[in-house]
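Q: Got a model I'd like to go through with you. Can we take the strands first, then the charged pairs?

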Amino acid sequence: MSRPAPTTTFAGGAARRASALPPTASQTVGPFFGYALPFTGGADIAPAGPDAITLHGRVYDGASNPVPDALLEFWQPAPDGSRTGAPGTLRRDPVTGAVIGRHGADFTGFGRVPTDADGHYTLRTLPPGGAPYLSVCVFARGLLHHLFTRAYLADAPNDPLLSALEPRRRTTLIAAPEDERQLRFDIHLQGADTHEETVFLDFA
């Protein structure tokens with residue numbers, strides 16, 4: 001009785017077949033966020049004025065190197081606690097069609113900020129009402145899925161999330177005041193001997 005000849009499957013063939021499939025959204029992460037996503041005035045959640053505050057900092061990788069092409073998105077309520085924001089984020093020039101961004105007069109509740117060559121970002125906004133923090137979403141090279149965290153503008157002893165964290169982890173979510181209207185909030189994508197990894201949130 002004859003038996004069928006043995007067959008061999010090569011991983012390379014499977015890899016070639018898999019590579020022929022279109023990439024999923026998570027597989028397209030790379031250092032190309034500067035194309036189309038950032039827009040003029042994206043860092044200006046609020047117009048300049050005496051009540052405006054500046055939040056700035058750097059995004060670092062696990063080796064404590066700045067990430068030069070990360071993209072950060074921020075959401076927050078207005079000072080009165082409302083969450084409606086304002087339209088007009090992606091206004092276009094009626095002649096050229098180019099994105100001209102915000103007109104700079106309204107509080108929008110949303111910001112999108114790329115980091116520069118030094119991994120630095122700057123955001124102008126107003127203190128949120130009804131919540132002691134800004135919600136942050138991080139896109140960066142090497143991340144197959146974006147990360148969510150919070151930037152607390154001050155310690156909030158009764159906040160459920162902060163209360164559940166040990167002191168060292170807690171401090172990774174609290175922005176450090178530099179002067180009356182300016183705070184620093186660095187984001188560490190991984191921990192190291194010199195710093196704690198920023199606390200990131202998982203939404204079910």
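This is a predicted model: local features need pLDDT of at least 70, side-chain atom pairs count only at pLDDT 80 or more; totals for chains, interfaces and linings use all residues.

Q: Which residue does R141 meet in a salt bridge?
A: D69, at 2.7 Å, N to O. A salt bridge here is a side-chain nitrogen of Lys or Arg within 4 Å of a carboxyl oxygen of Asp or Glu.

Q: Where do R141 and D69 lie?
A: R141 is in the loop between β7 and β8, and D69 is in the loop between β1 and β2, so the pair ties together parts 72 residues apart in sequence. Strands (E, at least two residues) and helices (H or I, at least four) are DSSP runs, numbered from the N terminus.

Q: Is D69 buried or exposed?
A: Buried, with a relative accessible area of 17%.

Q: OK, strands. What order do they take in the open sheet?
A: β5-β2-β7-β8, with antiparallel pairing. Two strands pair if DSSP finds at least two bridges between them.

Q: Which strands stand at the edges?
A: β5 (110-114) and β8. Each has a single partner strand, so one side of each is left without a neighbour in the sheet.

Q: How many bridges join β2 to β7?
A: Five. β2 (residues 71-75) also has five bridges to β5.

Q: What are the bridge partners of L72?
A: V138 in β7 and V113 in β5. Further along the sheet, C137 has F148 in β8 as its bridge partner.

Q: Is β7 mostly covered or exposed?
A: Mostly covered. Five of the seven residues in β7 (133-139) are buried.

Q: Back to charges. How many salt bridges in the whole structure?
A: Seven. One of them is R169 with E196, at 3.5 Å, N to O. That pair links distant parts of the chain: R169 sits in helix α3 (residues 167-170), and E196 in the segment after β11 (187-188), 27 residues apart.

Q: What about R184?
A: R184 forms a salt bridge with D186, the closest N and O atoms being 3.0 Å apart. R184 is partly exposed at 22%, and D186 is partly exposed at 21%.

Terms used
Residues are numbered from 1 along each chain as its sequence is written. Side-chain values use heavy atoms; hydrogens and water are left out. Buried means under 20% relative accessible area, exposed over 50%, partly exposed in between (1.4 Å probe, protein chains only).
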